[in-house]
Amino acid sequence: KLDAWYMDDDESADQRSTRRQKPNQPAAVAKLRELGVLSWALDADKYENDPKLEAIRKVRGYSYQDIITVSPEKLPGYEEKLKMFFEEHIHTDEEIRYILEGSGYFDVRDKEDRWIRVDCRKGDMIVLPEGIYHRFTLDADNYVKAMRLFIGEPVWTPLNRPQDSHQSREKYIQHFGAS
Ligand code: KMT
Ligand code: NI
């Protein structure tokens, strides 16, 4: 099961630190579901031939996939891209990631606009719904290799906050009732 928690308020702290509150304030998988965030635990060692992954791809229409490695050596424009990933944004589609190696944090806003930090590790597959405010950072281990999936031709463009009148944001609010 995914580990997730409400973050502390110290946005000047190292983005790669856990940013847990003291005492820790866990966020349940059911809470994430309420926000439209889906997750599965798969066997990342068999991602090249996995009936479970195939079933998810088929049911959800994920026709596109590629693999991204986030490390200074493997990712062109590493520093800039990390900055982009960590700017709060939305997309006009789902963001789907399947962690094959390493780990990282997806931060999502809850209905009261608080940050929930989701610890994604090898074998975790996560879907962030269209229009949810979110961001991504590496953790202290500084390495992730992930499959990116998409319905049709991928559009990776982040639309930085504020996007409150964007139709993807309005659609998100209608479905998941952020307040
Ligand atoms: C994104 O869009 O935030 C990313 O692709 C981050 C790396 S994949 C875990
Ligand atoms: Ni994103």
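Helices (H or I, at least four residues) and strands (E, at least two) are taken here as DSSP runs, numbered from the N terminus. The structure is a predicted model, in which local features need pLDDT of at least 70, side-chain atom pairs count only at pLDDT 80 or more, and totals for chains, interfaces and linings use all residues. Residues are numbered from 1 along each chain as its sequence is written, while chains are lettered from A and ligands numbered from 1 in the order in which they are written.

The chain contains 4 helices and 10 strands, arranged along the sequence in the pattern β-α-β-α-β-α-β-β-β-β-β-β-β-α. The radius of gyration of the chain, 16 Å, is close to the 16 Å that the globule rule gives for 179 residues, so the chain is as compact as a globular protein of that length; the radius is taken over C-alpha atoms, and the rule is 2.2 Å times the number of residues to the power 0.38. Along the principal axes, the C-alpha atoms fill a box of roughly 40 × 35 × 30 Å. Two residues are regarded as in contact if their C-beta atoms, placed from the backbone, lie within 7 Å. Among contacts between residues at least 6 apart in sequence, 76% join residues at least 24 apart.

Burial was assigned from C-beta atoms placed from the backbone: a residue is buried if 20 or more other C-beta atoms lie within 10 Å of its own, exposed if 12 or fewer, and partly exposed in between. Buried residues account for 24% of the 179 residues in the chain. In soluble globular proteins, nonpolar side chains tend to be buried together. A nonpolar core is defined as a set of buried Ala, Val, Leu, Ile, Met, Phe, Trp, Tyr and Cys residues joined through C-beta atoms within 7 Å. The largest such core has 30 residues, of which Phe106, Val108, Val118, Ile126 and Ile132 touch the most other members. Strands E5, E6 (115–121), E7 (124–128), E8 (134–138) and E9 each supply at least two residues of this core, and the largest share, 6 residues, comes from E5. Leaving aside residues up to four places away in sequence, Val118 touches Leu2, Ala4, Leu32, Tyr105, Phe106, Val108 and Ile126.

Strand E7 is mostly covered, with 4 of its 5 residues buried. Strands are treated as paired if DSSP finds at least two bridges between them. E7 pairs with strand E2 (residues 38–41) in the antiparallel sense over 4 bridges, and Leu38 stands opposite Val127 in E7. E5 and E7 also run antiparallel and are joined by 4 bridges; here Glu95 stands opposite Leu128 in E7. By contrast, 1 of the 10 residues of helix H2 (residues 51–60) is buried, so this helix lies largely in the open. H2 is followed by Gly61, which has a positive phi near 75 degrees.

Ligand 1 is surrounded by Ile68, Val70, Phe85, Arg97, Gly104, Phe136, Val144 and Ala146, a residue being counted as near a molecule if its C-beta atom, placed from the backbone, lies within 6 Å of it. Strands E3 (64–70), E5 (95–109) and E9 (144–150) each contribute at least two residues to this shell. By class, the shell comprises 6 nonpolar, 1 polar and 1 charged residues, where Ala, Val, Leu, Ile, Met, Phe, Trp, Tyr, Cys and Pro count as nonpolar, Asp, Glu, Lys and Arg as charged, and the others, Gly among them, as polar.

Several loops carry backbone features of note. Most residues other than glycine have a negative phi, and most peptide bonds are trans. The peptide bond from Lys22 to Pro23 is cis, with omega near -5 degrees, and Pro23 lies in the loop between strand E1 (3–6) and helix H1 (29–34). A cis bond also links Arg161 to Pro162, with omega near 5 degrees; Pro162 is in the loop between strand E10 (159–160) and helix H4 (167–176). Asp113, although not a glycine, has a positive phi of about 70 degrees. Asp113 is placed in the loop between E5 and E6 and is exposed, with 9 other C-beta atoms within 10 Å. Asn142, likewise not a glycine, has a positive phi of about 65 degrees. Asn142 occupies the loop between E8 and E9 and counts as partly exposed, with 14 C-beta neighbours inside 10 Å.

Asp14 belongs to the loop between E1 and H1 and counts as exposed, with 10 C-beta neighbours inside 10 Å. The C-alpha atoms of Asp14 and Asp139 are separated by 9.6 Å, although these residues are 125 apart along the chain.
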